[in-house]
Amino acid sequence: MQKDTVINMPTDMRNQEGHLSTFDLDYTPPIPRGITSLTVNIPASSRIPNEPRPPARWRTPEFIFYYVVALFAIPLMAWVPIHLSSPSHPNYPYYHHRLSPGWMFGREVDNSDTQYRSFRNNILSLSFLVLIFIALKYIYTRSVLRSAPSTPSDKLYLIPFFLLFSALYLTGLHGTSVFKIMSILTANYWVAKTSRGSRMGPLLTWIFNVLILFANETYGGYRYASFHPSLEVLDAFGGIYPRWHISFNITMLRLISFNMDYYWAYNSRGGENLSSTSTEKQRANTPLPLEDYTYRNYITYVLYPPLYIAGPIMTFNNFMWQLRCPINISIRLQSRYLVRFLVSLLTMESILHYMYVVAIKDTKAWQGYTPLELSLIGFWNLVVVWLKLLLPWRFFRLWSLASGIDPPENMVRCMVNNYSTLGFWRSWHRSYNLWIVRYIYIPLGGTKNFALTTLLIFSFVALWHDLSFRLIAWGWLVSFFILPELLARYLLPQTKYGQFSWYRHVCAIGGVFNLLMMASANLVGFVIGTDGIMYMASQIAGTWQGLRFLLAASCIIFVGVQLMFEYREEEMRRGVYRRC
């Protein structure tokens, strides 16, 4: 029987002889110094250029002018929403009922965002759970190592501990719904093992998981009583978080990861041996021995407690290689990451105590606002969206680092430090971006079918987030807004025009348009929806006052983009390379 054609495996790490190539392995940059110490330290997975960088522009008259503009614009951008959040403002009574007692200098707090409130209100309980987990893991590890004849070189001995803790963790979270979750996980495993190396495996995997995604949404996680009246008693214990199907979207990504990694391993030319110094890209792209794709390892990976609720997303290969070949995660690295998390948390608390932009947005209490005020309400809502996602991701990643597993960093750049549409999506929810590239983009042909693949990807991303028209509109807008940047790169390539002095300024103008389009798309998808963005557009673009503001705002954004350009140049001067 003729063997099935294998769907392309997303790796460029092997040369024609099948050995690991040194051309495109992850490059681990030096620790950033100076101003670039603010850069999140991740591996750079693209070819490292060797050309000389232009001299620094930080002290030139051009950039001194930019500093003056920034010293005026940044305080204004903070003062406007603080002023609008004053109890003396005429619109304050419209949203006051959505505020809660705060802890910062007698201010109330805008804790009205449902998604972030569930994390904020439980952060102390989650921190206590982390301490229990780490303490029990320490006791278990000491017990295992004490009874072992020699110190093992791997951490596979942790799998029974992870499984036991996961069972207790899920039972506390979801109660009897843990049986529903395990049924879905087992069915997905059956699909993988039954299909093996057949091309039907990936197809059945995607069909099964997409159907589960829709069924979970349609039936609200299912009730036992709907299967049989005698099972109604099981619905009584739903756990602390009975809506298990809401977070199952993250779990679904792991199910697909296991099945696809197993499919590629089954069709691979043989396993490679990695070491503890292996890179993130090597671990993700190197198949494990087939005997590692077991039900026990699969359940351990899918239900790994630190990453179960919100990620970041790891591939099965990456997870298991880190247990097989443990990497060194120093206390210093964990401490620095903890400081980053605490600074981000304090920043969010300051915004919620002094800028009630979420409450204003939810109650549409923006009557009488000027175009400047309207735009800054939208801008700071986007900052809140960024922070409300960053904080849980960094919290759970920190938990994982303390447990000895290093998942990808999700947020590589600050939200306001992005001028490229393509670069923005590489730095926002990075682990999801890596997952999409590996399991959707490259198998569908990558750059060979770029336009169609991009549309399919953002449609999937929108449906994966929420089955709503608003997010589908967001996905299509994002796909459309990528096209101008691609066209500009084609017509004005850096390799041809980069040496001209005007090129940087033309690119900055393009960055202004990119930022305005990205802000509009994300306001539609995650903040005010299509109706809200139409109202905002009519107030800004439909009046002379709004047009004058838009021109002034575009000039200020131009200055910001120039500073972003120079920051990236400074990174490259110091050996730090990013594709975002």
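Let's start with Arg397 and Glu409: both of them are buried, where buried means under 20% relative accessible area, exposed over 50%, and partly exposed in between (1.4 Å probe, protein chains only). Arg397 and Glu409 form a salt bridge, with the closest N and O atoms 3.3 Å apart; the term stands for a side-chain nitrogen of Lys or Arg within 4 Å of a carboxyl oxygen of Asp or Glu. Arg397 sits in helix α16 (residues 371-403), while Glu409 is in the loop between α16 and α17 (421-427), 12 residues apart. Helices (H or I, at least four residues) and strands (E, at least two) are DSSP runs, numbered from the N terminus.

A word on what you're looking at: this is a predicted model, where local features need pLDDT of at least 70 and side-chain atom pairs count only at pLDDT 80 or more, though totals for chains, interfaces and linings use all residues. Residues are numbered from 1 along each chain as its sequence is written, and side-chain values use heavy atoms, leaving out hydrogens and water.

Arg413 and Glu571 are both buried.

Next, look at Glu62 and Arg504, whose side chains meet in a salt bridge (2.9 Å, N to O). Glu62 is in helix α1 (residues 61-84) and Arg504 in helix α22 (residues 501-526), 442 residues apart. Glu62 is partly exposed at 25% relative accessible area, but Arg504 is buried at 17%.

Finally, Arg57, Glu566, Glu570, Arg573 and Arg574 are linked in a salt-bridge network. Across the whole structure, a search finds 19 salt bridges.
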